[in-house]
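This briefing is meant for a reader who is meeting the structure for the first time. Please keep the sequence and the model open while going through the points that follow.

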Amino acid sequence: MVANKLYKYLDADGGMKMLNYSNLQFTNSTRLNDPFDCHPSLIDFSQVPKERTKYWDKEDVIAVESNHYELLRDKAWVCSLSKLHDSLLMWSYYGNHKGVCIGIDMEKADQYLSRIHCNVFIGAFDMEVQYKDIIEKPDYFHDAKDYYRYQLSTKAKVWEHEREVRLILIDPSLAFIPMSLPYTPQEGEITDWKEVRAYPKIGGECFESLYLGIKIDEADKEKIITIARKCNPNIKIYQMTIDPDAFRLKEEQIN
């Protein structure tokens, strides 16, 4: 496990739903905001050894090898968490400081997320994101590297402030994990499987803390505090405030 406690930034509505249903949302990796996320182009497939081209053209070898990683991207669902609860930029991204940040006890959550059924692992595993420059692409045919992990956990340095840790589900099944679309499809519409979100349930005790944005609406604040305490009566709740002595946030606990 990467960290004992991780944080999820959400808008107020998303925070209420997460606590009310006691789950985590996983999104297909092809639907993440950054187009480079989990993309096979993070790996250099061009340096094909001569012995691999005796019977195949170089382009065919590249196509076959890179296709494995295209398929992996299609099958991976991601839940993005952070090591930080007080990042100015993260608070700005999610509702302009009107949202919430939920602290998750990962040791407790892991008891729900790490599941084995019929000798098959169907749970989520975690990866700490590493931040790289694109020019550092590993050579697929010559570097000794776990390329699946590299592909799923590498982002551009511009995102380094997020201090992201990812939970990964590979090819989740409706038989074991609740799944739904984030919208109501039109009658007769063919659903793109990659649009479906996965929502594995965790216990209310996993939600260790709740941080409220500086600008959160008072009505939303009352609602989410009520939901949070119903979800976990022992949850610690904090109001984020401005530190008058520095460009940073600080929290004040709400009793």
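Predicted model: local features only at pLDDT ≥ 70, side-chain atom pairs only at ≥ 80, totals over all residues.

Is Glu128 buried, partly exposed or exposed, and what is its relative accessible area? With a relative accessible area of 41%, Glu128 counts as partly exposed.

**Salt bridges**

- The count of salt bridges in the model comes to 13, and a few of them are described here.
- Glu128 and Lys83 meet through their side chains in a salt bridge, with a distance of 2.4 Å from N to O. Because Glu128 lies in strand S7 (residues 125-128) and Lys83 in the loop between strand S3 (76-82) and helix H3 (88-93), the pair ties together parts that are 45 residues apart in sequence.
- Lys83, the partner of Glu128 in this salt bridge, has a relative accessibility of 25% and therefore counts as partly exposed.
- Another salt bridge is formed by Asp192 and Arg31, whose closest N and O atoms are 2.7 Å apart. This pair links distant parts of the chain, 161 residues apart, since Asp192 sits in the loop between strand S11 (179-180) and strand S12 (197-198), and Arg31 in the loop between strand S2 (27-28) and helix H2 (58-75).
- Asp192 is partly exposed at 33% relative accessibility, and Arg31 is also partly exposed, with a relative accessible area of 29%.
- In the salt bridge between Glu162 and Lys155, the closest N and O atoms are 3.3 Å apart, and both Glu162 and Lys155 are buried.
- Glu162 and Lys155 also belong to a network of salt bridges, in which they are linked with Asp37, Glu164 and Arg166.

**Strand S10 and its partners**

- Strand S10 (residues 164-170) is mostly covered, with 6 of its 7 residues buried.
- S10 pairs with S3 in the antiparallel sense over 7 bridges, and within this pairing Ser80 has Arg166 of S10 as its bridge partner.
- S7 and S10 run antiparallel as well and are joined by 4 bridges, while Met127 is the residue that stands opposite Arg166 in S10.
- Arg166, which has these bridge partners, is also a member of the salt-bridge network that includes Asp37 and Glu164.

**Helix H6**

- Helix H6 (residues 218-231) has 14 residues and reaches 20 Å from its first C-alpha to its last, which is close to the 20 Å expected at 1.5 Å a residue.
- The buried residues of H6 are Lys221, Ile224, Ile225, Ala228 and Cys231. They lie on the same side of H6 because they cover an arc of only 125° around the axis.
- On the other side of H6, the residues Glu222, Thr226 and Lys230 are exposed.
- The cover over the buried residues of H6 includes helix H1 (12-21) together with the strands S4 (100-105), S13 (207-212), S14 (236-242) and S15 (249-254).
- At the start of H6, Asp217 brings a side-chain oxygen to within 3.0 Å of the backbone nitrogen of Ala219.

**Tyr183 in its loop**

- Tyr183 lies in the loop between S11 and S12, and with a relative accessible area of 32% it is partly exposed.
- Leaving aside neighbours within four places in sequence, Tyr183 is in contact with Glu189 and Glu195.
- Tyr183 and Met16 are 167 residues apart along the chain, and their C-alpha atoms are separated by 18 Å.

Definitions and conventions. Residues numbered from 1 in each chain as written. Heavy atoms only, no water. Helix = DSSP H or I, 4+ residues; strand = E, 2+ residues; numbered from the N terminus. Expected span 1.5 Å × (residues − 1). Buried < 20%, exposed > 50% of the residue type's maximum accessible area, 1.4 Å probe, protein only. Arc of directions from axis to C-beta. Contact = heavy atoms within 4.5 Å. Polar contact = N/O pair within 3.5 Å; in protein donor to acceptor, adjacent residues only side chain to side chain. Salt bridge = Lys/Arg side-chain N within 4 Å of Asp/Glu carboxyl O. Pairing = 2+ DSSP bridges.
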